Amino acid sequence: MGPSELQQVESFVHQLINPATRENALLELSKKRENFPELAPYLWHSFGAIAALLQEIVSIYPLLSPPSLTAHASNRVCNALALLQCVASHNETRALFLQAHIPLFLYPFLQTMSKTRPFEYLRLTSLGVIGALVKVDDTDVINFLLSTEIIPLCLRTMEIGTELSKTVATFIVQKILLDDVGLNYICATAERFFAVGAVLGNMVVAQMGDQPSQRLLKHIIRCYLRLSDNPRAREALRSCLPELLRNPSFTACLKNDDTTRRWLAQLLLNVGYPDAAAALGAVDVVQPTPMTGA
């Protein structure tokens, strides 16, 4: 980015503070964020910039219930969320973002139930901010998200969202599970485990009609596989794992995805279906450790 472009970005950041110039500044900065890697710290340390973004978010709350969010209002607040996603992604600002508890401002958006496009776009962009936080393996991020009850919000989107928002929400749950803190949290009580398991199972069944979504199925299978690392969860999965995951006709969509087929074969082996696992023809599958005292 040249000096003139840098000056332009600086000008737009300053324009965020003025409500009269904010909407255009949000639009221009959201377009330029990919070309300016240091936009996140610049936003964070610019007087009033983050406060302006939070004002944009809070101003939408009255439109959530009863649902009256327009496409224009949704696009505007999503531009603000896109800039917050930059802050959540950047190594220099991620911890500051968490310490300020900024993700909590997004949670009301994830509690919405309307399936109209403005609301779906709002949920998807909000999930993108949370997804940016979990992309980097950081137990502090997982602890924060668990302590603020992100799991029920993700499960809600996994139930009502479009394929894309379901995929992002399932990815977030997957990343939480991949951290030992997250796995232990979800498997600590039967209620938590079965809440997650029921939503994953419903999503598998929902894939039965048309061509299954490989991308979504990949995240679902990875969640199940990680759950099977916990002895109590593994035992429970023997009775509640969807039968479709053992159906060759259903899993044929994975024939060109060696990684996901290997995950599924390992999952089936872990929960006691060696024949179904062998039928997938996956390699590098490891025999599970026998459970003791379960």
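In helix α15 (residues 231–240), the buried residues are A233, R234, A236 and L237. They span an arc of only 165° around the axis, which places them on the same side of α15. The arc is taken from the directions that run from the helix axis to the C-beta atoms. R232 and S239, on the other side of α15, are exposed. Buried stands for under 20% relative accessible area, exposed for over 50%, and partly exposed for values in between (1.4 Å probe, protein chains only). Helices (H or I, at least four residues) and strands (E, at least two) are DSSP runs, numbered from the N terminus.

The cover over the buried residues of α15 includes α13 (190–206), α14 (214–227) and α17 (258–270). The N-terminal end of α15 is capped by N230, which has a side-chain oxygen 3.0 Å from the backbone nitrogen of R232.

## Basis of the model

This is a predicted model, in which local features need pLDDT of at least 70 and side-chain atom pairs count only at pLDDT 80 or more, while totals for chains, interfaces and linings use all residues. Residues are numbered from 1 along each chain as its sequence is written, and side-chain values use heavy atoms, with hydrogens and water left out.

Contact, meaning heavy atoms within 4.5 Å, links 15 residues of domain 1 with 14 residues of domain 2.

About 1,400 Å² is buried between domain 1 and domain 2, and carbon and sulfur atoms give 76% of this area. Buried area is the accessible area (1.4 Å probe) that two parts lose on being put together, summed over both. Of the area that domain 1 buries against domain 2, E120, L127 and V134 supply 35%, more than any other three residues. Between domain 1 and domain 2 there are zero salt bridges, and three residue pairs are in polar contact, with both residues at pLDDT 80 or more. On the side of domain 1 that touches domain 2, the elements giving two or more residues are α7 (107–110) and α8 (117–135). The largest share of that side, nine residues, comes from α8.

A salt bridge is a side-chain nitrogen of Lys or Arg within 4 Å of a carboxyl oxygen of Asp or Glu. A polar contact is a pair of N or O atoms within 3.5 Å; within protein, one must be able to donate a hydrogen and the other to accept it, and residues adjacent in sequence count only if both atoms are side-chain atoms.

R226 lies in helix α14 and is buried, with a relative accessible area of 10%. Leaving out residues up to four places away in sequence, R226 touches L177, L178, D179, D180 and L183. The side chain of R226 also reaches the backbone oxygen of L178 at 3.4 Å.

The structure holds ten salt bridges. One of them joins R226 to D180, with the closest N and O atoms 2.6 Å apart. Since R226 is in helix α14 and D180 in helix α12 (residues 180–186), the pair ties together parts that are 46 residues apart in sequence. D180 counts as exposed at 51% relative accessibility. R226 forms a salt bridge with D229 as well, the closest N and O atoms being 3.1 Å apart; D229 is partly exposed at 39% relative accessibility.

The side chains of R261 and D258 form a salt bridge at 2.6 Å, N to O. Both residues lie in helix α17, three residues apart, about one turn of the helix. R261 is buried, with a relative accessible area of 15%, whereas D258 is partly exposed at 48% relative accessibility. Elsewhere, salt bridges that share partners join R22, E23, E56 and R76 into one network.

E56 belongs to helix α4 (residues 49–60) and counts as buried at 5% relative accessibility. The side chains of E56 and R76 are joined by a polar contact of 2.6 Å. Apart from its neighbours within four places in sequence, E56 is in contact with R22, L26, R76, V77 and A80.

## W44 in α3

W44 is found in helix α3 (residues 39–45) and is partly exposed, with a relative accessible area of 21%. Its contacts, leaving aside neighbours within four places in sequence, are I50, V87, T93, L96, F97, A100 and I102.
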